[in-house]
Amino acid sequence: MKKTIYSLVAIAFLATVAGCSAKDDTEKKIDRLISKMTLHEKVGQMNQLSGGEWLAEAVEKGEVGSILNCTDPAELNRIQRIAVEKSRLGIPLLIARDVIHGFKTIFPIPLGLAATFDPELVEKGARIAAVEASANGIRWTFSPMLDIARDPRWGRIAEGSGEDPYLDAMMGAAMVRGYQGNGDSTSVAACIKHFVGYGAAEGGRDYNTTEITERSLRNIYFPAFKAGVDAGAMTLMTSFNANDGIPSTGNKWLVKDVLRDEWGFGGIVVTDWNSAGEMIAHGFASDLKEATEEALDAGVDMDMMSYGYISFIEELVKEKKISEKQVDNAVRNILRLKFKLGLFDNPYIDEARAGETLYAPEHLEAAKQSAIEGAVLLKNDGVLPLKDVRTLLVTGPLADAPYEQLGTWAFDGDETHTVTPLEALKKDFNVIYEPGTEYSRDKSTALVARARSAAARVDAAVVFVGEEAILSGEAHSLSDLNLQGAQSELIAAVKQSCKKVIVVVMAGRPLTIGRDLENCDAMLYSFHPGTMGGEAIAELLEGKAVPSGKSPVTFLKTAGQAPMYYNHFNTGRPNNGSETLLDDIPLKAGQTSLGCTSYYLDSGYGPLFPFGYGLSYTTFDYSNLDIDKSSYSAKDTVRVSVDLKNTGEYDATEVVQLYVRDLVGSVVRPVKELKGFQRVELKAGETKAVTFALPVADLAFWTAGNDYSVEPGDFQLWVAGDSATGDPVSFSVK
Ligand code: BGC
């Protein structure tokens, strides 16, 4: 026995030594390569350009380290051949692309993926995206986007996991693991972006200024990035916004102090598209040369599309404004990634096999499952799942819009592979199809009457509304979040002549759909569901699948409520719902206020739907919430248990959510914070004990003492199906 142990130790030792020397080998190779490089060639590695005919010459001269936006395998091989066979040192190019929610097989938009509360499935989706993308030469994706978004006016809310730091961290880490896989030839380097605070843009207007304090950065905006770094993300992108007056791309504190020194990030930091150059427009640098100096000084390794690095670094080194060592450090990070991805050994794509992985049945199945789990049921007055329905009216601008249902950043998604709801529903129903309106912004009501009269002849009607893909995503902010065009009129008209009206919303953000809720019997919010959205929605409507999605964002009553999020502070005058709203009970003559608390006279104190909300075809009962002790030390773990009963008639999955409140702190603390969740499957009538282990260390935050610690005191803990319900248990930390 002893002998076995010794030999295991010996093997482990040898493995460690082998691992070390492999690591050292790469570093030695990098050193050797760097020693052969001219300064011009070094700077070339730090330059990322968008694909184009003219690139070839620059690549041959060693002036490009990475390209983006070229996806044709033959063209990629051609350009790679120039880098490897014609440039002096033969350093392969790093090929990048925004593979955001799938490459060809398009998954739901990231906001929809977050609604699954299923990191395992999200990891699987990212793996599939990487398999498809890498087979086509892409080895670097600018994903996941980890920006916390508390304002649905911001169009890029679609690209992230919503408003919650914990959910964002779980989803972000899952995507990083999925893209990067086990480091084989299907591994695609992840890029956590946009560092940092980009989603807090003033008024939800894209690219706008942010004013986030260090405390909020650390408590709200950093955690997902830290989780991404800990999950091994190989690259990170700086953001466009200036926070507290400093654009991220020139922010030394952010990149050097926090990211590199505090978190130990050793990967590539890349600018966003021309975000170095944009520091001139910000008024932070007087010209591109100064912007280049600022960015490099901050610790940014690669310049995407400002041409500043390639144009000015050599001059800056000569003028001793930056050192060649700074340049070498950046080049080292870039070369290390190229070695890690195996590009030196295998830079080319097998063109004959490139297409083979695309749209594989298991990819489509995972995309469908993601769309099923990511759909949130917001209302159901007993009409879903569809029963005794033979003739079905399918209407609305998103019913048969193969491109639009893919959502934003579906660059490579091919709409000819999309299954639309119309197509899927036709398999099981006698469908009457009336478009209702041509597209989501169509104001014309010319087709509405046809839909209304068709609605009189059917057993049920499904109205597919929402947003065209172009209405969310980058630079697509909105100030009005109601359904656009004549869509609300269409819903109301259909409701006038049909008893069972189901609305399905495909959108890039939580729209203000309050008035539409009143005109329907059920509403399913699928976000933009991707390639397999049609089949997924059909299965949900028919009851072949049961909704389990929960909203990763707060749904507002009106856009004027933004920003509104569940993990807010309490204020000195909280409104807990005891005061009436102006639109319910008008002010009496002479009365000027309904009380001095924090709420809107016309839309109240609360949202339309809270974070974490989502119905099922069944109902769940939470009981016997319990914790193992009443008092814990900082090193303890809080052991939580609750009984969850499926009290309805359908086997179903519930996303069980754990929230905590720290009652008194050295700084004020959020009214609730998500600290855990689980998807729990229950048969109809079944009860399960659900347990959580919450390390007290997870209650740490950036305190008034400017450190991360858990402050002793009293806490409350909830386990519930959303962020607004349930009764808490109390405990203390000594
Ligand atoms: C976006 C990034 C994206 C980059 C490259 C920028 O405009 O902000 O998220 O990765 O373009 O396409």
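The second largest pocket of this predicted model has a volume of about 710 Å³. A pocket is an open set of points on a 1 Å grid over the protein atoms alone, with protein on both sides within 12 Å along at least five of seven lines. Grid points are joined across faces, edges and corners, and a volume is the space filled by probe spheres set on the points. Lining residues have an atom within 4 Å of a point.

The lining of the second largest pocket holds 27 residues, and Asn219, Pro223, Lys675, Asp698 and Ala700 lie nearest its centre. Four elements each supply at least two lining residues: α7, α8 (214-221), α9 (223-230) and β21 (673-682). Helices (H or I, at least four residues) and strands (E, at least two) are DSSP runs, numbered from the N terminus. The largest share, six residues, comes from α7. By class, this lining divides into 16 nonpolar, two polar and nine charged residues. Ala, Val, Leu, Ile, Met, Phe, Trp, Tyr, Cys and Pro count as nonpolar, Asp, Glu, Lys and Arg as charged, and the others, Gly among them, as polar.

Residues are numbered from 1 along each chain as its sequence is written. Local features need pLDDT of at least 70 and side-chain atom pairs count only at pLDDT 80 or more, while totals for chains, interfaces and linings use all residues; side-chain values use heavy atoms, with hydrogens and water left out.

**Pockets and cavities**

The largest pocket contains about 1,000 Å³ of space. Its lining has 32 residues, and Tyr566, His568, Asn575, Tyr605 and Val671 lie nearest the centre. The classes are 15 nonpolar, 15 polar and two charged.

A search of the whole structure also finds three cavities of 30 Å³ or more. A cavity is a set of points where a 1.4 Å probe fits but cannot get out. The largest cavity holds about 110 Å³ of space. It is lined by 14 residues, with Gln45, Val59, Gly62, Ser87 and Ile91 closest to its centre. Seven of the lining residues are nonpolar, four polar and three charged.

The second largest cavity holds about 80 Å³. Of its 13 lining residues, His101, Leu113, Val122, Gly125 and Ala126 lie nearest the centre. The largest share, five residues, comes from α6. The lining has nine nonpolar, four polar and no charged residues.

| Space | Volume | Lining residues |
|---|---|---|
| Largest pocket | about 1,000 Å³ | 32 residues |
| Second largest pocket | about 710 Å³ | 27 residues |
| Largest cavity | about 110 Å³ | 14 residues |
| Second largest cavity | about 80 Å³ | 13 residues |

**A six-stranded sheet**

An open sheet of six strands runs in the order β11-β16-β15-β14-β12-β13, with mixed pairing. Two strands pair if DSSP finds at least two bridges between them. The edge strands are β11 and β13 (430-434), and each pairs on one side only. Neighbouring strands are turned by 20° against each other on average, direction ignored. Axes are lines fitted to C-alpha atoms, for helices over the stretch in contact, and angles run from 0 to 180 degrees between N-to-C directions.

β11 pairs with β16 (residues 522-525) in the antiparallel sense over four bridges. Lys379 stands opposite Met523 in β16.

Two helices lie across strands of the sheet. α18 lies across β12, β14 and β15 (501-506), running at about 175° to β14. α20 lies across β14, β15 and β16, at about 150° to β15. Contact means heavy atoms within 4.5 Å.

**Backbone exceptions**

Most residues other than glycine have a negative phi, and most peptide bonds are trans. A cis peptide bond joins Leu384 and Pro385, with omega about -10°. Pro385 lies in the loop between β11 (376-380) and β12 (391-395). Another cis bond joins Ala562 and Pro563, with omega about -5°. Pro563 sits in the loop between α20 (533-542) and β17 (620-627).

Trp409 is not a glycine, yet its phi is positive, about 50°. Trp409 is found in the loop between β12 and α16 (421-426). Trp409 counts as buried because its relative accessibility is 15%. Buried means under 20% relative accessible area, exposed over 50%, and partly exposed in between (1.4 Å probe, protein chains only).

Ala475 also has a positive phi, near 60°. Its place is in the loop between β14 (460-466) and α18 (487-497). At 45% relative accessibility, Ala475 counts as partly exposed.
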